[in-house]
Amino acid sequence: MTPIKNAPRQMMRQLHEIMASADEAEVRLNKVVHLVAVNMVAEVCSAYFIRGGDTLELFATEGLKAEAVHHTRLRVGEGLVGLVAATGSSLNLSNAQDHPKFAYRPETGEEIYKSMMAVPILRTGKVVGVLAVQNKASRHYSEEEEEALQTIAMVLAELVVSGDLITAQDEKDGGDERAGIKHFGGMVFAEGLAEGVVVLHEPKLEILQHLSEDYKLQLEKLDKGFESLLKQLDEIMSAEDILHHGEHREILDVYKLFARDKGWRLKIEDAIESGLTAEAAVEKIQVENRSKMMKTEDPYLRERLSDLDDLANRLIRHLMGKAGTAADKSLPQEAVVVANNMGPAELLEYDRDKLNAVLLQEGSHTSHVAIVARALGIPMIGQIDENILDLDDGEQIIVHGLDGEVYVNPPPEILESYRDTIAARAKLLARYDDMRDKPVITKDGIEIELVINGGLAMDIEGMHRTGATGVGLFRTEFQFMISKTLPRINPQAEFYKSIIDAADGKPVTFRTLDIGGDKEVSFLKRDNEDNPALGWRAIRIALDRPALLRYQLRALITAAAGTTLNVMFPMITNVAEFKLAKSILEKELSRHKQNNRPMPTEVKVGTMLEVPSLVWQMDALLPLVDFISIGSNDLMQFFYASDRDNPKLSNRYDTLSPPALKMLKYISDKCSEHEIPLTLCGEIGGKTLGALALLALGYRRLSVAPAAIGPVKMMIRSLDIGQAEDFIEELVSRSEPNIRAELRTFARTNGVRI
Ligand code: PEP
Ligand code: MG
């Protein structure tokens with residue numbers, strides 16, 4: 001066959017004519033396999049498509065026995081054709097029968113064919129079929145021939161997209177009445193139950209037209225596509241826009257290099273000149289690149305593959321006018337947004353009245369997007385064990401954000417049981433509401449203080465609704481993250497005042513800016529860091545750029561006029577840093593006073609304790625602070641040297657482990673000794689089992705997400721702390737990786753509601 005690259009215009013024109021004709025899909029398919037066989041001088045050309053999820057069925061053949069059509073079926077993974085479908089990679093074999101996977105099907109009469117080349121038919125990156133050619137003689141198919149077959153396979157995917165070849169009815173008649181029902185699991189990031197329809201965060205790239213007769217027009221389209229792609233990359237890099245998918249500069253630098261690569265562009269242009277549309281040409285070159293890179297042993301190149309895939313997809317999005325996210329469009333009612341991952345600011349861009357739940361392929365429980373979801377009360381499941389990006393917009397979906405289950409197109413019995421669960425949960429929530437004004441006191445009469453973590457104005461409403469007695473941690477950075485420019489002092493002060501006013505006399509502890517790590521802001525250029533969580537972040541930035549901290553403190557002092565200002569600093573690593581930060585606050589206070597501005601009646605200054613080194617300076621630190629607040633999310637990530645945002649590590653080290661609990665006990669004992677109030681505001685306090693352990697270790701003030709107040713309060717009111725203290729004492733000296741099972745048994749035998 002003349003390689004496509006060398007413009008076999010005639011064949012592409014014929015292919016175009018066949019695909020554009022009014023013939024039935026199966027007739028068109030037969031014509032295509034015939035065309036391929038003739039042009040490729042192959043004795044056989046066959047097309048297989050996947051039916052019912054995991055069976056490949058022969059749909060058309062030139063050369064094999066006609067009676068095998070719709071009769072020959074292989075499981076995905078079975079035989080050579082099944083192998084191509086399972087791996088998504090091509091096979092090019094001069095002696096196919098020697099291959100260990102070769103499976104002979106007598107009805108096809110294929111025993112006489114020695115050589116074989118088979119390529120996957122891909123639709124949005126997913127294998128939907130296999131296209132194969134065979135020859136009697138042992139021959140090697142050239143690289144150009146392989147590329148040509150891939151192009152034709154790509155065009156054939158159109159038949160599946162259009163639904164003409166395999167209709168939904170066919171799938172039902174094929175016996176799979178429950179086709180479309182999917183069930184998978186993940187990790188609960190934010191609790192709740194939701195029913196709704198799938199909305200893909202980034203629209204799917206469904207190429208509907210592969211062939212074009214006007215290549216000049218397509219080349220122009222490509223020019224524009226590249227232009228807007230580069231513009232988008234520049235925008236992200238200059239950080240004019242907020243939080244884009246947590247991308248890092250290093251990756252973006254590589255993207256830009258690829259995007260400017262002349263070789264890549266020339267290949268795409270060649271493919272366009274051979275008769276493809278611009279988007280199909282990008283896809284074709286990407287399929288080729290992928291198959292070449294998959295064969296390489298070089299780990300660096302293989303890693304770059306996902307970058308290239310992402311870049312090619314971005315370019316296709318620009319070519320198809322689909323560069324935004326679903327937040328830019330109007331959402332259907334009851335939307336369940338499905339994404340690979342997203343940043344907190346992206347989540348905030350959605351219309352919350354219509355957003356019922358979010359599913360993330362990746363993510364982690366302590367990432368900020370998960371924290372924001374909990375704050376907003378939006379159920380979120382992440383780290384899902386199936387490819388959720390394959391779902392289609394509009395599919396019906398149930399998100400069981402209590403046990404981490406997801407059902408797509410649920411059958412009636414699941415729907416019914418789910419609705420029962422909703423009713424049961426509504427009852428439970430009503431019980432939490434009933435407890436709203438009941439004291440937070442243990443069975444043995446010890447009072448516990450439950451306050452909330454917040455960062456958005458609406459969190460204060462959550463505090464009142466749940467009966468929490470204050471805000472233990474107000475994350476001021478959320479306001480900065482959703483702003484494209486540095487918020488000025490006055491709007492900052494107004495915002496903080498609105499929070500203090502809304503809290504209506506209940507104390508609010510503001511934490512100064514904690515940016516860096518996964519919390520990026522648009523107005524501060526940061527270096528490309530290898531370890532951003534260990535890098536230039538939080539108080540480290542504030543002390544190096546004191547103006548930022550000074551302005552924020554000024555805004556806080558202004559906002560707290562006539563009341564108590566509670567303020568603390570994030571990521572303090574040594575006593576000197578705390579002293580310096582406190583001295584900046586003191587300077588701002590005296591400046592404020594000198595200017596005769598209304599002052600706070602009282603100022604309490606404390607620190608977050610989230611870096612292990614500070615634990616070993618407590619005797620020097622505690623005399624200087626008014627309070628301590630443990631950020632266990634960071635404290636544990638540094639304690640275990642385990643990235644809190646890395647999904648591969650999220651279940652690896654347990655906070656409820658003897659060494660971690662020993663450290664927490666040490667901190668609590670030190671604070672009692674120095675009579676310094678202690679709060680814990682990390683995520684462990686929001687889980688009933690974690691809260692139980694903390695109370696047993698001496699903790700009496702927990703700051704948790706508003707949604708956790710009810711369950712934690714219910715646990716507290718059923719607990720006898722004296723009993724729990726005795727029980728945990730021995731456990732913290734054990735060497736197991738965690739003490740969860742023991743705590744659960746304790747709760748069960750003593751009627752503690754966890
Ligand atoms: C923490 O680290 O536990 C904490 C409360 O702060 P953040 O989650 O905002 O880093
Ligand atoms: Mg922290």
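Strand 4 (91-93) and strand 5 (residues 115-123) run antiparallel and are joined by three bridges. Helices (H or I, at least four residues) and strands (E, at least two) are DSSP runs, numbered from the N terminus. The model is predicted: local features need pLDDT of at least 70, side-chain atom pairs count only at pLDDT 80 or more, and totals for chains, interfaces and linings use all residues. Residues are numbered from 1 along each chain as its sequence is written, chains are lettered from A and ligands numbered from 1 in the order in which they are written, and side-chain values use heavy atoms, with hydrogens and water left out.

Strands of a sheet pair through backbone hydrogen bonds, either parallel or antiparallel. Here, two strands count as paired if DSSP finds at least two bridges between them. Six strands build this open, antiparallel sheet, in the order 3-2-1-6-5-4. Strand 3 (73-75) and strand 4 form its edges; each has a single partner strand, so one side of each lacks a neighbour in the sheet. From one strand to the next, the twist averages 25°. Helix 3 (residues 79-87) lies across strands of this sheet, including strand 1 (44-51), strand 2 (55-62) and strand 6 (126-135). Helix 3 runs at about 35° to strand 5. Such angles run from 0 to 180 degrees between N-to-C directions, with axes fitted to C-alpha atoms, for helices over the stretch in contact.

A second open sheet has eight strands in the order 7-14-13-9-10-11-12-8, with mixed pairing. Strand 7 (182-185) and strand 8 (187-190) stand at the edges, each with a single partner strand, so one side of each is left without a neighbour in the sheet. The twist averages 30° from one strand to the next. Strand 10 (residues 335-339) and strand 11 (residues 355-360) run parallel, joined by five bridges. Val337 has Val358 of strand 11 as its bridge partner. Helix 13 (residues 412-435) packs on the sheet and touches strand 9 (192-200), strand 13 (396-401) and strand 14 (405-408). Its direction makes about 130° with that of strand 9. Helix 12 lies across strand 8, strand 11 and strand 12 (380-382), at about 60° to strand 8.

Helix 14 (residues 457-466) has five named buried positions: Asp459, Ile460, Gly462, Met463 and Thr466. Buried means under 20% relative accessible area, exposed over 50%, and partly exposed in between (1.4 Å probe, protein chains only). Seen down the helix axis, the buried residues fall within an arc of 155°, so they line one face of helix 14. The arc is that of the directions from the axis to the C-beta atoms. Their cover includes helix 12 (368-376), strand 15 (449-454) and helix 16 (489-503). Contact means heavy atoms within 4.5 Å. Just after helix 14, Gly467 takes a positive phi of about 80°.

Strand 15 and strand 22 run parallel, joined by four bridges. Ile452 stands opposite Val704 in strand 22. Strand 22 (residues 701-704) is covered on both faces. Arg701 and Ser703 are buried on one side, Leu702 and Val704 on the other.

Glu610 is buried, at 2% relative accessibility. Asp634 is also buried, with a relative accessible area of 2%.
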